[in-house]
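Work through the exercises below with the sequence and the structure side by side. Try each task by yourself before you read its solution.

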Amino acid sequence: MKMITLNLLRGEIKEPLTEFLKRYSSEMDIFLFQEMPGPTSRNNMPFLTSTEIKDILSGFNNYSKSYSRNNGHLEDMGFFIKKEMSIKESGEVEIHDSSI
């Protein structure tokens, strides 16, 4: 099994990120992304959007999940798993208590 975990910086580096995803999508089984961008670009900037990422990784199931940290600031996580792979179980584990 091959897996890549990557901080996408909200898609701000569109061209290199697009090329990277296209290059590795055929050989990876799982992509785990932090700071997923939104469904549309912001301020007409050339950002890679989450919709474009889903199109590039069309051979993968998308299990996107949002979580909250830093006083409610939302960061999006993206989980893309090859469609041929089966998921037996999923869940969540809190590893940091932000109320402390």
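**Exercise 1.** Find the residues that Thr-18 is in contact with, leaving aside its neighbours within four places in sequence, and decide whether Thr-18 is buried or exposed.

*Solution.* Leaving aside those neighbours, Thr-18 is in contact with Leu-48 and Ile-56, where contact means heavy atoms within 4.5 Å. Thr-18 itself lies in helix 1; helices (H or I, at least four residues) and strands (E, at least two) are DSSP runs, numbered from the N terminus. With a relative accessibility of 9%, Thr-18 counts as buried, since buried means under 20% relative accessible area, exposed over 50% and partly exposed in between, using a 1.4 Å probe and protein chains only.

Before going on, note that this is a predicted model, in which local features need pLDDT of at least 70 and side-chain atom pairs count only at pLDDT 80 or more, while totals for chains, interfaces and linings use all residues. Residues are numbered from 1 along each chain as its sequence is written, and side-chain values use heavy atoms, with hydrogens and water left out.

**Exercise 2.** Describe the order of helices and strands in the protein chain, and state how strand 1 and strand 2 are arranged.

*Solution.* Begin with the inventory, which is two helices and five strands; along the sequence they follow the pattern β-α-β-α-β-β-β. Next, take strand 1 (residues 3-7) and strand 2 (residues 30-34), which run parallel and are joined by five bridges; two strands pair if DSSP finds at least two bridges between them. Within this pairing, Ile-4 stands opposite Phe-31 in strand 2.

**Exercise 3.** Which residues have the most contacts inside the largest nonpolar core?

*Solution.* The core has 13 residues, and those with the most contacts inside it are Leu-21, Phe-31, Phe-33, Ile-53, Leu-57 and Phe-80. A nonpolar core is a set of buried Ala, Val, Leu, Ile, Met, Phe, Trp, Tyr and Cys residues joined through side-chain atoms within 4.5 Å. Helix 1 and strand 2 are the elements that give two or more residues to this core. Then look at Leu-57, which, apart from neighbours within four places in sequence, is in contact with Leu-21, Ser-25, Phe-31, Phe-33 and Phe-80.

**Exercise 4.** How are the rings of Phe-33 and Phe-80 placed?

*Solution.* A search of the whole structure finds four aromatic pairs. One of them, Phe-33 with Phe-80, is tilted, at 5.6 Å centre to centre and 55° between the planes; rings of Phe, Tyr and Trp (its six-membered ring) pair if their centres lie within 6.5 Å, and planes under 30 degrees apart count as stacked, over 60 as edge-to-face and the rest as tilted. Because Phe-33 lies in strand 2 and Phe-80 in strand 5 (residues 73-82), the pair ties together parts that are 47 residues apart in sequence. Phe-33 is buried at 0% relative accessibility, and Phe-80 is buried at 1%.

**Exercise 5.** Where does Ser-25 lie, and which residues does Ser-25 touch, not counting those up to four places away in sequence?

*Solution.* Ser-25 lies in the loop between helix 1 and strand 2, and with a relative accessible area of 15% it is buried. With that exclusion, Ser-25 touches Phe-31, Leu-57, Phe-60 and Lys-82.
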